[in-house]
Amino acid sequence: MTRILLSVRAAGAEDSRHDQKWVEVADADVIRRTIAQSLGGSHQEGAQDWCVLAYEGLPDFGPHPDLDELLAWLDAVDEYGPAFEALWATGAFGRVLQAAEAFADSYQGTYADAASWASHTLALLGHRIDAQTDLDAYARASVAKGRVRLMPAVDGGIHVFWND
């Protein structure tokens with residue numbers, strides 16, 4: 001389950017009283033309606049009368065997230081899985097769409113280890129692999145030369161991404 005803990009200024013509250021409510025992240029319009037109903041029409045344009053206090057099943061998008069970004073992140077995770085989560089966790093992307101495009105362009109797969117990736121890649125390139133082929137050295141050289149990025153997979157193994 002993915003949800004956020006919303007803190008919304010109570011309708012008609014002149015003080016700093018806020019209502020807190022867990023809201024499932026499934027539809028940005030539903031979240032917006034929940035906020036609007038809680039504000040009870042007391043919202044002033046440009047005012048930040050609500051914030052997110054906690055995330056469950058999502059990375060932290062800060063106290064005032066773009067709700068459409070939350071849903072885009074969920075869509076990307078549904079489509080690409082844990083490898084996308086690993087790429088997003090690097091913090092190299094400001095927007096989910098940017099990260100999803102980079103993922104689609106650069107993701108090579110998840111492998112048991114760097115030697116498995118090297119074996120697969122060399123075979124695709126038409127290289128003959130024999131007992132003398134040092135697959136680990138090929139993988140280390142590819143990383144050192146900036147050709148690929150290896151990221152640990154949560155359940156073991158590695159995710160491999162080409163660097164542009």
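Reader: What makes residues 67–80 a helix called H2, and how does its reach compare with the expected span?

Author: Helices here are DSSP runs of H or I with at least four residues, and strands are runs of E with at least two, numbered from the N terminus; H2 has 14 residues. From first C-alpha to last, H2 reaches 20 Å, close to the 20 Å expected at 1.5 Å a residue, where the expected span is 1.5 Å times one less than the number of residues. This is a predicted model, in which local features need pLDDT of at least 70, side-chain atom pairs count only at pLDDT 80 or more, and totals for chains, interfaces and linings use all residues. Residues are numbered from 1 along each chain as its sequence is written, and side-chain values use heavy atoms, with hydrogens and water left out.

Reader: How do you know that Asp66 caps the N-terminal end of H2?

Author: A side-chain oxygen of Asp66 lies 2.8 Å from the backbone nitrogen of Asp68, and a polar contact requires a pair of N or O atoms within 3.5 Å, within protein one able to donate a hydrogen and the other to accept it, with residues adjacent in sequence counting only if both atoms are side-chain atoms. Just after H2, Gly81 takes a positive phi of about 80°.

Reader: Why are S2 and S3 said to stand at the edges?

Author: The open sheet has three strands in the order S2-S1-S3, with antiparallel pairing, and two strands pair if DSSP finds at least two bridges between them. Strand S2 (18–24) and S3 each have a single partner strand, so one side of each is left without a neighbour in the sheet.

Reader: What makes S1 and S2 a pair?

Author: S1 and S2 are joined in the antiparallel sense over seven bridges, against the at least two that pairing needs; in S2, Asp19 is the bridge partner of Val8.
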